[in-house]
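Biologist: I'd like to learn how to read salt bridges in a structure. Could you walk me through some?

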Amino acid sequence: MIATLGFLTIGLFLVLTMTRRVSVLTALVLVPVATALVGGFAAGMGPMILEGLGKVAPTGIMIAFAVLYFSLMIDSGLFDPLIRGVLRLAKDDPLRIAVGTAVLTMCVALDGDGASTFLITVSALLPVYQRLGMSPLVLTGVVALGAGVLNMVPWGGPTARAMAVLKLDASQVFAPVLPAMAAGIAWVLVAAYLIGLRERRRLGTVSGPPRAEPQPVRGDGPGTPLAPERGNAALTAFNLVLTVVLLVALVLQVMPLPVLFVLGFAIAAVVNLPTWEKQQALLDKHARSVVLVTTMIFAAGVFTGILNGTKMIDEMATAFVGVIPDSFGGHLPLLVAITSMPLSLVFTPDAYYFGVLPVLAQTAAGFGVDSAEIARAAILGQMTTGFPLSPLTAATFILVGMSGVQLGRHQRFIFGWAFATTVVMTVVALVTGAISW
């Protein structure tokens, strides 16, 4: 009966969110509460929810301060010299422009916000593509590849959801896949080179009319504006050193990630925005993006707290273990890595991570596979197609809409390259032991 109740909970959640009957946030809270009441678990629901909230709290804190930190870095103009430099070096060569597009995208995507990444990169680069006659499919495709790989950062959507729903931290999920992510970044650059080479052959090196220096893009969305060129080189140097130190400390796990980003943001805010008014303006400006992501994480704590506390997850996994052949059990991480990419075109990220992943993880545990391995496997595929290709995420339509590209053409153009990214990272993850075979 408990297993049936669990499948009902997952099914209702998927149906309600995929048909957009209710928001993901409310479905994460109300669906498990309703089914727990039906199952007679009313008395123990409070402690279950509190336990779930407590386990996702570090993830919520880390994501909130990571978003604020990288949004501040973008606003302060840390990446503007790089953008101007890359565009200057690219000149009128389609190959260089394609590779430069990948580099810029991966830098801007550090804030973990797909929508702002697309707004900035497309706004800055589309005029260049149009002036040279380059296909906008090259722009959307290369941006999708770069943003997809960088979406693996712990404050990005897939990894944050995986950590929250399985109650894991970044040292368990993100640190082991760093070599695979590095391989993914290298592959994106190779793919951008090959795509750009093909575009160069189609167009030749174009000598267009003289152009004005690219201007920073402005916008009102969270993390989207690029600051005007600054004369304070010392401040830019400080921000660069602070960001490098923060990323090195993250890789070396000097402190827990939430602590690192709390300290990093506080230091950056004091140096870049020395007055209370400026600091408050920053918080007001980016409050929407922080609230959207953190409330989702805490709602996931309610969802998983009830499913774990009532043993629904355990019973569903037991049911799956009974039907999966023993010979397949040890291969679940690899199967999840390969299938998570096409599944991202069928399920929304929320539906996959909050509805499907917990059952997969608990099923794998029945075969002696650590749930952290399943989390790593899931992000290897989901991040490459979640928001850059899926019609189920709004950010995809920002990318194709601003570029004037049809979604179907964009998907056909870049799907093979995106799947190759997953394959490359999965192979490296297998070699390095991040996931097992």
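Predicted model: local features only at pLDDT ≥ 70, side-chain atom pairs only at ≥ 80, totals over all residues.

Biologist: What lets side chains pair up in general?

Modeller: Side chains of opposite charge can pair when their charged atoms come close. Here, the structure holds 5 salt bridges.

Biologist: Okay, how far apart are the closest N and O atoms of E51 and K55?

Modeller: They're 3.3 Å apart, and E51 and K55 form a salt bridge. Both sit in helix α3 (residues 45-75), and because they are 4 residues apart there, about one helical turn separates them. E51 is partly exposed, at 47% relative accessibility, and K55 is partly exposed too, at 41%.

Biologist: And where do D93 and R200 lie?

Modeller: First, the contact: D93 forms a salt bridge with R200, with 2.7 Å between the closest N and O atoms. D93 is in the loop between α4 (80-90) and α5 (94-108), while R200 is in helix α10 (residues 178-203), so this pair ties together parts 107 residues apart in sequence.

Biologist: Is D93 buried or exposed?

Modeller: D93 counts as buried, because its relative accessibility is 9% and the cut-off for buried is under 20%. R200 is partly exposed, at 29%.

Biologist: Which residues are linked with D93 in a network?

Modeller: R96 and R200; salt bridges link them and D93 in a network.

Biologist: What about R202?

Modeller: R202 pairs with E199 in a salt bridge, the closest N and O atoms being 2.7 Å apart. Both lie in helix α10, 3 residues apart, about one turn of the helix. E199 counts as buried, at 6% relative accessibility.

Terms used
Residues numbered from 1 in each chain as written. Heavy atoms only, no water. Salt bridge = Lys/Arg side-chain N within 4 Å of Asp/Glu carboxyl O. Helix = DSSP H or I, 4+ residues; strand = E, 2+ residues; numbered from the N terminus. Buried < 20%, exposed > 50% of the residue type's maximum accessible area, 1.4 Å probe, protein only.
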